[in-house]
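Please read the following briefing alongside the sequence and the coordinates.

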Amino acid sequence: MRIFQVENTLVATARITQLENHRLLVVRETSGSRSVAVDPVGCKEGDWVIAVGSSAAKDAAGHAKYPSDLTIVGIIDYWDAEGPGKGAR
Amino acid sequence: MNIMRVVRDLVTTQRVGGLQARQLRVLEDAKGNLEVAVDAVGARVGDFVITIAYSSARIATGDPRVTTDLTIGGIIDDWSENKWHEPARAGL
């Protein structure tokens, strides 16, 4: 699992049906690189979250046929961005 | 998933059967790296899109037998060149 911070919601009206109406979020790693993740948890902007990749991303988004390669699985209660393991910014 | 932009269409008449007759597009990421993706939504040149990678890319085409590792899963309504390159906001 990797740690990300939620930047904002991503609106994509024209999408493949398999993506259903799940919420997509733009998330950022401490290195600054952006990704898009499926959010089955209900995150707010600014939340620090943990997300899974590979086949776990499909199951975490609902079922094994869901086409996600990055799914948020939890909101971190408290994360000190300047603490140990802050990564390269 | 990642945010990428459609650069051009790609035609490959001679291809493996696993790719079927799927439309291919050349995409670039924020750094300008090029990748080729199967287009499952009908994106046009200049569109900012969401790409799905790894084995989920195969499901995203609608047929898991398609041999792709990157598929366009949606067209982003509101994205711009500036948004792409803006640094993380302070306090976020």
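The briefing below starts with the basis of the model and then goes through its features by topic.

This is a predicted model, in which local features need pLDDT of at least 70 and side-chain atom pairs count only at pLDDT 80 or more, whereas totals for chains, interfaces and linings use all residues. Residues are numbered from 1 along each chain as its sequence is written, while chains are lettered from A and ligands numbered from 1 in the order in which they are written.

**Confidence**

- The predictor assigns the complex an ipTM of 0.82 together with a pTM of 0.88.
- Within chain B, confidence is highest in strand 4 (residues 48-53), at a mean of 97, and lowest in helix 2 (residues 81-85), at 88; helices (H or I, at least four residues) and strands (E, at least two) are DSSP runs, numbered from the N terminus.

**Fold of chain A**

- Chain A contains 1 helix and 6 strands, which follow one another along the sequence as β-β-β-β-β-α-β.
- Of the 89 residues in chain A, 35% are buried, a residue being buried if 20 or more other C-beta atoms lie within 10 Å of its own, exposed if 12 or fewer, and partly exposed in between, with C-beta atoms placed from the backbone.

**Contact between the chains**

- Contact, defined as C-beta atoms, placed from the backbone, within 7 Å, involves 28 residues of chain A and 21 residues of chain B.
- On the side of chain A that touches chain B, the elements giving two or more residues include strand 1 (2-10), strand 3 (23-28) and helix 1 (54-60) of chain A.
- Strand 2 of chain A and strand 5 (residues 70-75) of chain B run antiparallel and are joined by 2 bridges, and strands pair if DSSP finds at least two bridges between them.
- A:Ala14 has B:Ile75, in strand 5 of chain B, as its bridge partner.

**Positive phi in chain B**

- Most residues other than glycine have a negative phi.
- B:Gln20, not a glycine, has a positive phi of about 50° and is placed in the loop between strand 1 (2-10) and strand 2 (24-28) of chain B.
- B:Tyr54, with a positive phi near 55°, lies in the loop between strand 4 and helix 1 (56-60) of chain B, and B:Tyr54 counts as partly exposed because it has 17 C-beta neighbours inside 10 Å.

Terms used
pLDDT = per-residue confidence, 0-100. Contact = placed C-beta atoms within 7 Å.
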